[in-house]
Amino acid sequence: MSLLKTENVVMQFGGLTAVKDFNLELNKGEIVALIGPNGAGKTTAFNMITGVYTPTSGKIYFNGKDITGIRPDKITKLGIARTFQNIRLFKDLSVLDNVLIANHLHINSGLFSSVFRMPWYLKEEKSMVKKSLELIEKVGLIDVVNEKSSSLPYGKQRRLEIARALATNPQVLLLDEPAAGMNPKETEDLTEFIQHIRDEFDLSIFMIEHHMQVVMGISHKIYVFDYGVTIAKGSPYEIQNNQRVIEAYLGVNEEDA
């Protein structure tokens, strides 16, 4: 059984079909990429999986459970976390505080306990700090743990956003263009980092990415979107040699080149 699966998912906005009949299968431990030209519907697919949009038709399953249209916070609690193309950190908060906020998703104490600093809340808070520090160390940010997130280099900001997603204890991590804006060295480091967290946290990863170096280097399977339609899926080798994919990216036929 697939860990994450979509069946004939369609998303329409008025008369515009942004995604048509999307069928995804993500198995445990896989890194799967979704690629395609700008405006192809990739982020819309992410938004349906994470509950931001409810599909016009079709079904989304996680661990065999129908999660179609469930609220984003509930989907996160079930075990699906995501990052965004544009980094969304609490810029005036420290690295530690950014991760702690994500950890609060699984806190058991209520508002009364937190406001009045009840003993059981303080115990839970101490445990959260410990877990957050351990996570920050695992992702290589312990040296900047008390620095404001806005003061970090771009590559570390991206790493912190991923760490914050990891703090929700996901089984599936969705990465929306994690290498966007990175220089070649940062991109190389990120590629290694994604493989590392997949192994370290026992994750399955579904990512949108334009950097073919990243996609071809670590993906087990690739889906290709063009105008909301899946035009190809397969291994990196199969996608690299798929003429329809080449035409979608270059906008030319081989005969015209």
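Student: In which helix is E200 found, and does E200 count as buried, partly exposed or exposed?
Tutor: In this predicted model, E200 is found in helix 7. Buried residues lie under 20% relative accessible area and exposed ones over 50%. Because the relative accessibility of E200 is 38%, E200 counts as partly exposed.

Student: How far apart in space are E200 and K138, C-alpha to C-alpha?
Tutor: Along the sequence, E200 and K138 are separated by 62 residues. In space, the distance between E200 and K138 from C-alpha to C-alpha is 8.5 Å.

Student: Are helix 6 and helix 7 roughly parallel or roughly antiparallel to each other?
Tutor: Helix 7 spans residues 184-200, and helix 6 packs with helix 7 at an angle of about 15 degrees, their axes being 11 Å apart. Angles under 35 degrees count as roughly parallel. Therefore the relation of helix 6 to helix 7 is roughly parallel.

Student: Which residues of helix 7 make the contact with helix 6, and is the crossing left-handed or right-handed?
Tutor: The crossing of helix 6 and helix 7 is right-handed. On the helix 6 side, the contact is made by Y154, G155, R159, I162 and L166. By class, this contact of helix 6 with helix 7 has six nonpolar, one polar and three charged residues. The residues contributed by helix 7 are E186, D189, L190, F193 and I197.

Student: What is the orientation of helix 3 relative to helix 6?
Tutor: Helix 3 (residues 95-103) and helix 6 (residues 154-166) have axes 8 Å apart and pack at an angle of about 30 degrees. With the cut-off for this class at under 35 degrees, that angle makes helix 3, relative to helix 6, roughly parallel.

Student: How many nonpolar residues does the contact of helix 3 with helix 6 have?
Tutor: Helix 3 passes helix 6 in a right-handed crossing. Helix 3 contributes V95, N98, V99 and A102 to the contact, while helix 6 contributes L160, A163 and R164. By class, the contact of helix 3 with helix 6 has one charged residue, one polar residue and, as for nonpolar residues, five.

Student: Which residue of strand 10 is the bridge partner of A33?
Tutor: Strand 4 (residues 31-35) and strand 10 run parallel and are joined by four bridges. In strand 10, the residue that partners A33 is I222.

Student: Which residue of strand 11 is the bridge partner of Y223?
Tutor: Strand 10 and strand 11 (residues 229-234) run antiparallel and are joined by five bridges. They form a hairpin with two residues between them, and Y227 in the turn has a positive phi of about 50 degrees. In strand 11, the partner of Y223 is K233.

Student: Which residue with a positive phi follows helix 1?
Tutor: Helix 1 (residues 42-49) is mostly covered, with seven of its eight residues buried. The buried residues of helix 1 are K42, T44, A45, F46, N47, M48 and I49. Helix 1 is followed by a residue whose phi is positive, near 85 degrees, namely G51.

Student: What percentage of the residues of the protein chain count as buried?
Tutor: The protein chain has ten helices and eleven strands. Of its 257 residues, the share that count as buried is 47%.

Conventions
Residues are numbered from 1 along each chain as its sequence is written. This is a predicted model: local features need pLDDT of at least 70, side-chain atom pairs count only at pLDDT 80 or more; totals for chains, interfaces and linings use all residues. Side-chain values use heavy atoms; hydrogens and water are left out. Axes are lines fitted to C-alpha atoms, for helices over the stretch in contact, and angles run from 0 to 180 degrees between N-to-C directions. Angles under 35 degrees count as roughly parallel, over 145 as roughly antiparallel, 65 to 115 as roughly perpendicular and the rest as oblique. A crossing is left-handed if the near helix is turned anticlockwise from the far one by less than a right angle, and right-handed if clockwise. Contact means heavy atoms within 4.5 Å. Ala, Val, Leu, Ile, Met, Phe, Trp, Tyr, Cys and Pro count as nonpolar, Asp, Glu, Lys and Arg as charged, and the others, Gly among them, as polar. Two strands pair if DSSP finds at least two bridges between them. Buried means under 20% relative accessible area, exposed over 50%, partly exposed in between (1.4 Å probe, protein chains only).
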